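This report describes a protein structure for a reader who is new to the subject. Please keep the sequence and the three-dimensional view at hand while reading.

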Amino acid sequence: MISNAARTVGAIFASAKFWRGAFSIVLFIVLWEVGSRSEAWFGIAVPGVSRVPPPSAVAATFSELVRDPNYWSSWYLSTQRVFVGFIAAMLVGIPLGLAMAVSRIFYGISFPVFEVLRPIPPLAWVPASIIFWPTQEMSISFVTFLGAFFTIVINVLGGAQAIDARYYQAALSMGSSRWDIFRRIILPGTLPSIVVGATLGIGLAWAVVVAAEMISGGGSAGSLGSKGGGLGFFIWNSYVGGSYTQIIAGMISIGIAGYVSSALLRQGGKMLTPWLHEE
Amino acid sequence: MNVPRTWDEAAALARPAGAPLAVSQAQRKGAIRILDVTKTYGSGATAVSAVENCTFDVPAGEITTVVGPSGCGKTTLLNAIAGFHSITSGKIFLDDEILCGPGQLQAEPGPDRVVVFQNGALFPWKTVIENVAFGPRMQGRLSKKQAYEKARTLLADAGLHGLENNYPGEISSGMRRRVEIVRALMNEPRVLLLDEPYRALDSLTKSVMHEALLQLLEKNRLTIFFITHDLEEAIFLGHQVVIMTTRPCRPKKILTIDLPYPRDYSMLTTRRFRDYLDETLEAVHEEALKAFAAGEKER
C-alpha cells in the first residue's frame with residue numbers, strides 16, 4: 001500500500017503535466033507580484049494591476065485567516081448552501097430531465113414553462129426568494145439550487161434524447177421489457193451527461209452562492225444568530241471594511257472551493273462511467 | 001408506426017415489465033416466407049412505395065443475401081421481419097407462423113429474429129460478456145451464472161477469448177462485429193437478420209469476418225438474412241442471392257449459388273464465381289441506372 005502510494009506520488013512528480021501546471025501557477029504569481037509592485041520598484045504603474053495587493057501580502061493575510069474561526073465558518077456556511085442547493089438540484093433535476101426525455105406528453109406540458117424560466121438569471125430570483133422563503137438560509141439555498149438545476153436538467157434531457165435508436169432496437173430484438181429498456185439503456189446511456197451536468201452545475205452553484213450572499217447580506221444572517229454570511233459576504237465585508245488583501249483571499253478561497261468540488265465530481269463520474277475512460 | 005427511434009416508440013413495442021415473452025422459443029427451422037408485401041409511406045398523392053408486391057422465400061438453415069441499389073427498401077423489409085416496422089399489406093411468415101399480415105401489420109420484435117446492425121449496436125456501457133449475456137438475461141431464460149458460462153463458451157468458440165471484461169470501445173471494430181454476432185447467437189434465434197454488418201470494415205478484416213461467419217453457421221444451424229452492397233460478398237456467402245429492383249423494392253432476380261461449402265477465398269477467381277458475379281452485376285447495374293434516372297427526374 002505504502003509503496004503504491006509512494007509510486008503514485010512519484011508518478012505525479014515525474015509527469016510533464018504536473019510540472020507544466022506548477023510552472024503556470026508560479027509564473028502567474030511572479031507576474032502578479034511584479035505587476036503590483038512595479039510602481040514602487042520601477043516607477044511604472046501597470047494599469048489596474050498596480051492597485052491590486054501583491055500575492056505576498058495576500059499570503060500574509062491568508063496565514064492570519066487560517067487561524068480565524070470566522071473565516072472557516074464562512075467556508076462552512078457557503079459549502080453547506082452549495083451542497084444543499086446542488087443535491088436538491090440533482091434530486092429534482094435528474095428525474096425531471098429523464099421524465100421529459102421518456103414521455104412526450106410530459107415533455108409537451110413542462111418544456112415550455114421550463115424554457116421560459118431557464119433564461120432568468122438565478123440572481124434575479126434573489127428578491128423573490130427572500131420574500132417567499134421563511135429564512136434567509138433557505139432563500140440563499142434556493143437560489144443556489146436554481147443555479148445548478150437548469151443546467152442539470154438540460155444536460156440530462158439532451159443526453160437521454162441523444163441515445164442512439166439502434167440500442168433501443170437491439171434491446172427490443174433481444175426481448176427486453178419496457179422497464180429493462182429504461183433501466184439498461186436509458187439510465188446508463190444518460191449517465192455521462194448526468195456527470196457533465198453535475199460538474200457544470202456545482203461550478204454554477206458556487207458562482208451563484210457567492211453573489212446571493214453578497215446581495216442578501218450577511219448582516220441579517222448574523223442577527224439571526226449565525227456566525228457569518230459565507231464566503232460571498234466575507235468578500236463584501238472585506239470590501240466595506242477596506243481590507244483589500246482579504247478580498248483577494250476570499251476570491252482565491254472560492255476558486256479553490258469550486259475547483260475541489262468539480263474535481264471530486266469528475267473523479268466520481270469517472271468511476272460511474274468506466275467505459276468512457278479506459279484505454 | 002415507424003422504426004422505434006425514441007424511448008416512447010421503443011416502449012410502445014416492448015412488453016410491459018413482468019409480462020411473458022409472446023415469442024415461442026420452440027426450436028424450429030427458421031424459414032421466412034415473404035408474401036406479396038407492400039410498404040407505403042404517407043398517403044394520397046404524396047404516398048411513396050418502398051416495397052411493392054414483394055414475394056420470395058428465405059429457406060431455413062441457409063444464407064440468403066439481398067442486394068440492390070441504395071435506398072431501394074431492403075432495410076424496410078428487414079425492419080418488417082424484425083418487428084420494428086409495420087407493413088401496408090401482404091404477409092410475412094416464420095415457419096408457417098404468421099409474423100405480420102392483415103389485422104396485425106407489425107410483427108412483435110423478439111429473440112427468435114435477432115438483428116445485427118450496420119454500425120453495430122453493442123451497448124458501450126456494458127462489458128463484452130455483459131453484452132453477450134444480455135439477451136438470455138432479458139428473456140429470463142438463464143440465470144446470470146448460466147448466461148455468463150454460455151457466453152464464455154460461445155466467445156471462446158468465436159476466437160474472442162480474453163476480451164470478456166473489456167468494453168466495446170476498447171476492442172477493434174472487427175472484433176466488435178464478431179462479439180455482436182455472438183450476442184445474437186446467444187438468443188438461439190431461428191433467423192439472424194444482418195443489415196450490412198461489415199460495411200465499415202476494411203477488405204482484409206472483411207474477408208476474415210466472412211470465414212468466421214461461415215464457420216459459425218456450420219456450428220449453429222440457423223437462417224441468415226443478409227443485406228449488403230458488396231456483390232462479391234453476396235455471392236461468396238449466399239446459398240441464394242436476391243437482387244432487388246430500385247424503389248419500390250421487389251426481387252428482380254433470384255440467383256441460386258451452386259458453389260460447395262465450406263467456401264474459401266480461392267473461389268473468387270474461379271470461372272463459376274466470375275459468371276455469377278457478371279450475372280449479378282448486370283442486373284444490379286440496370287437497376288442502378290434506373291435509380292439514377294429516377295433521381296434525375298425528381299430534380
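## Strand E9 and its partners in chain B

In this predicted model, strand E3 (residues 63–67) of chain B and strand E9 of chain B run parallel and are joined by 4 bridges. One pairing in E9(B) can be followed residue by residue: B:Val66 has B:Val242 as its bridge partner.

Strand E9 of chain B also pairs with E10(B), this time in an antiparallel manner, through 5 bridges. Here B:Ile243 is found opposite B:Lys253 of E10(B). The two strands E9(B) and E10(B) make up a hairpin, and 6 residues lie between them. Is strand E9 of chain B, residues 240–244, enclosed or open? Since 4 of its 5 residues are buried, strand E9 is largely enclosed by the rest of the structure. A residue is called buried when 20 or more other C-beta atoms lie within 10 Å of its own.

## The four-stranded sheet of chain B

Chain B also has an open sheet of 4 strands, arranged in the order E2-E1-E4-E5 with antiparallel pairing. Its edge strands are strand E2 (48–58) and strand E5 (97–100) of chain B, and each of these pairs on one side only. On average, neighbouring strands of this sheet are turned by 30° against each other, direction ignored.

Inside this sheet, strand E1 (residues 32–41) and strand E4 (residues 89–94) of chain B run antiparallel and are joined by 5 bridges. In this pair, B:Leu35 is placed opposite B:Lys91 in E4(B).

## The nonpolar core

The largest nonpolar core contains 133 residues. Which residues have the most contacts inside it? They are B:Ile81, B:Val132, B:Val182, B:Leu193 and B:Phe225. The largest share of this core comes from H9(A), which supplies 15 residues.

B:Ile81 shows how such contacts are made. Leaving aside residues up to four places away in sequence, B:Ile81 touches B:Ile32, B:Ile92, B:Leu99, B:Ala107, B:Arg113, B:Leu193 and B:Phe225.

## The architecture of chain A

Chain A has 12 helices and 0 strands. Its C-alpha atoms fill a box of roughly 75 × 55 × 40 Å along the principal axes. Of its 279 residues, 38% count as buried. Among the contacts in chain A with a separation of 6 or more, 66% are between residues 24 or more positions apart.

Chain A is divided into domain 1 (1–52) and domain 2 (54–276). The C-alpha centres of these two domains of chain A lie 29 Å apart.

A:Ser63 has its place in helix H3 (residues 55–65) of chain A. Is A:Ser63 buried or exposed? With 10 C-beta neighbours inside 10 Å, A:Ser63 counts as exposed, because a residue with 12 or fewer such neighbours falls in that class. A:Ser63 and A:Val240 are 177 residues apart along the chain, and their C-alpha atoms are separated by 21 Å.

## Where the two chains meet

How many residues does each chain bring to the contact? Chain A brings 24 residues and chain B brings 34 residues. On the side of chain A that touches chain B, the elements giving two or more residues are helix H4 (69–102), helix H8 (165–173) and helix H9 (178–216) of chain A. H8(A) gives the most to this side, with 8 residues.

By type, the residues on the side of chain A that touches chain B comprise 13 nonpolar, 6 polar and 5 charged.

Note on methods. Residues numbered from 1 in each chain as written. Chains lettered and ligands numbered in written order. Predicted model: local features only at pLDDT ≥ 70, side-chain atom pairs only at ≥ 80, totals over all residues. Contact = placed C-beta atoms within 7 Å. Domains from an automatic or database assignment. Nonpolar A, V, L, I, M, F, W, Y, C, P; charged D, E, K, R; others polar. Pairing = 2+ DSSP bridges. Core = buried A, V, L, I, M, F, W, Y, C linked by C-beta atoms within 7 Å. Axes fitted to C-alpha atoms, helices over the stretch in contact; angles between N-to-C directions.
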